[in-house]
Amino acid sequence: MAAAPPSYCFVALPPCSKDGLVVFGKNSARPRDEVQEVVYFAAAEHEPGSKVECTYIEIEQVPRTHAVVLSRPSWLWGAEMGANEHGVCVANEAVVTREPASESEALLGMDLVRLGLERGATAKEALDVIVALLEEHGQGGNYYEDGSSCHTFQSAFLIVDRNEAWILETSGKYWAAEKITEGVKCICNQLSLTTKIDAEHPELRDYVKSQGWWNGDSDFNFSEVFSLADDHLACCSGRESLEKQGGDVSAQAMIDVLRDKDSGVCVDSESFLTTASIVSVLPQDPSFPCIHYFTGTPDPSRSIFKPFIFVDDVKLVPKVQSPSFGNDDPAKKIPRFQEKPDRRHELYKAHEWARSLLENDQDKGQKLMRIMLDLEKQGLEAMEDILSRTEILDPAEVVDLFYDCVDTELKFFK
């Protein structure tokens, strides 16, 4: 059975976070050559009876979808991670359980990330959306753009809003969830839920009893029941780094953890690379905006985090969007993935050049990195200023925010 890619997701809630904010972060570990894009979809109304085409299957559309910003592998419909206009953030982890994941095409865990964000105005609403769709459509299909082999996984999710977080872990259509209201939590590519379960599939316990995985007498421990051998052991060293911050976890502290290669949180191995990252800062006071920082490029230790704020008519950023191949896309043709088109966007190509400079000319590379990190620092300070103001944010001030940050980054690379 293939190993799940070693991604990491974090959340810090008060009293562990700075200024009473909720801070969310994820490193997305994927196949090394996969491109992630950052895409925005405005809120939309939909005709009764209309359908939505996900990565592999078509499902019923809802009357209204929320505005979302997503970081996603550019060949699929869903997302590895993202946020919506209501301050909900969702990230997905591929996990392996004792129940083999289905090769039959259904919803991918990444489709469920996007569907939860488009349809849920709170973390709990997003969770309810995901588990209802799981029950109705199931999960399955190839997780990678690979025509030679089908890589299938079950899904775990970290779902966060301004007030709370939920860890949702699944195997097939069965699931369990834990509500988090304080402290620091991490999920990775192993199951983590134990005996503290705040919501679950109504037939979960009967099902595992029928499989002979639990006798009904001992405490029900989700990870022990569903994991292979000792896969459910603690897997997240980055959590300790955040906990050491005391009550001071900020966007910068989360970024530092995501950049940490020594702990394994920032993945750079023969098979996998952290291909994109996100950090979100969610004020508990709804009169303040949520701020979402995206890299849009691989390896956060060599990328910069650029801020995005939801406002009406936000400016789209084609330079972090991959080319579209429409119905000619090998991901849409049957049999799938018979060839791999060049999906690199403009920022990805410029970043490739910068990575090559870092590797081949250390002096110039380090100088460029210092300039980029200074640019990132200015962005972080400007966002902190927005969150410390007493007056309401003027949307015109940030409508071009992410666009301008990407544009500035590209100018430095050139």
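Asp-313 counts as exposed, because its relative accessibility is 70% and the label applies over 50%, with buried meaning under 20% and partly exposed the range in between (1.4 Å probe, protein chains only). The model is a predicted one, in which local features need pLDDT of at least 70 and side-chain atom pairs count only at pLDDT 80 or more, while totals for chains, interfaces and linings use all residues. Residues are numbered from 1 along each chain as its sequence is written, and side-chain values use heavy atoms, with hydrogens and water left out.

Asp-313 also stands out for its backbone: phi is positive, at about 60°, although the residue is not a glycine. Its place is the loop between E18 and H7, where helices (H or I, at least four residues) and strands (E, at least two) are DSSP runs numbered from the N terminus. Phe-337 lies in the loop between E18 and H7 as well, and its phi is near 60°, again a positive value in a residue other than glycine. Phe-337, however, counts as buried, because its relative accessibility is 8%. Another cis peptide bond joins Pro-14 and Pro-15, with omega of about 5°; Pro-15 is found in the loop between E1 and E2.

Attention now turns to the interior. In soluble globular proteins, nonpolar side chains tend to be buried together. The term nonpolar core is used here for a set of buried Ala, Val, Leu, Ile, Met, Phe, Trp, Tyr and Cys residues joined through side-chain atoms within 4.5 Å. The largest such core has 90 residues, and those with the most contacts inside it are Phe-10, Val-160, Phe-222, Val-279, Tyr-293 and Ile-309. Helix H9 (residues 401-413) gives the most to this core, with seven residues.

Leaving aside neighbours within four places in sequence, Tyr-293 is in contact (heavy atoms within 4.5 Å) with residues including Ala-251, Val-279, Phe-305, Leu-380 and Met-383. Ala-251 is one of the buried residues of H6, along with Ala-253, Met-254, Ile-255, Val-257 and Leu-258. Helix H6 (residues 251-258) is thus mostly covered, with six of its eight residues buried. The cover over these buried residues includes strand E1 (8-13), strand E2 (22-31), helix H5 (238-243), strand E16 (272-282), strand E17 (291-294) and H8. In the loop between H6 and E16 sits Val-265, which is buried, with a relative accessible area of 0%. Val-265 and Cys-188 are 77 residues apart in sequence, yet their C-alpha atoms are 9.4 Å apart in space.

Two helix pairs round out the picture. Two packed helices are described by the angle between their axes and the distance between the axes. Axes are lines fitted to C-alpha atoms, for helices over the stretch in contact, and angles run from 0 to 180 degrees between N-to-C directions. Helix H7 (residues 346-360) packs against helix H8 (residues 362-388) at an angle of about 130°, with the axes 6 Å apart. That angle makes H7 oblique to H8, oblique being what remains after roughly parallel (under 35 degrees), roughly antiparallel (over 145) and roughly perpendicular (65 to 115). On the H7 side the contact is made by Trp-353, Ala-354, Leu-357, Leu-358 and Asn-360, and on the H8 side by Gln-362, Lys-364, Gly-365, Gln-366, Leu-368 and Met-369.

Helix H1 (residues 109-119) and helix H2 (residues 123-137) pack at an angle of about 130°, with their axes 8 Å apart. H1 is therefore oblique to H2. Here Leu-112, Leu-115, Gly-116 and Arg-119 of H1 meet Glu-125, Ala-126, Val-129, Ile-130, Leu-133 and Leu-134 of H2. Helix H1 is also the place of Arg-114, which counts as buried at 7% relative accessibility. Beyond neighbours within four places in sequence, Arg-114 is in contact with Phe-41, Leu-70, Arg-72, Trp-77, Gly-78 and Ala-79.
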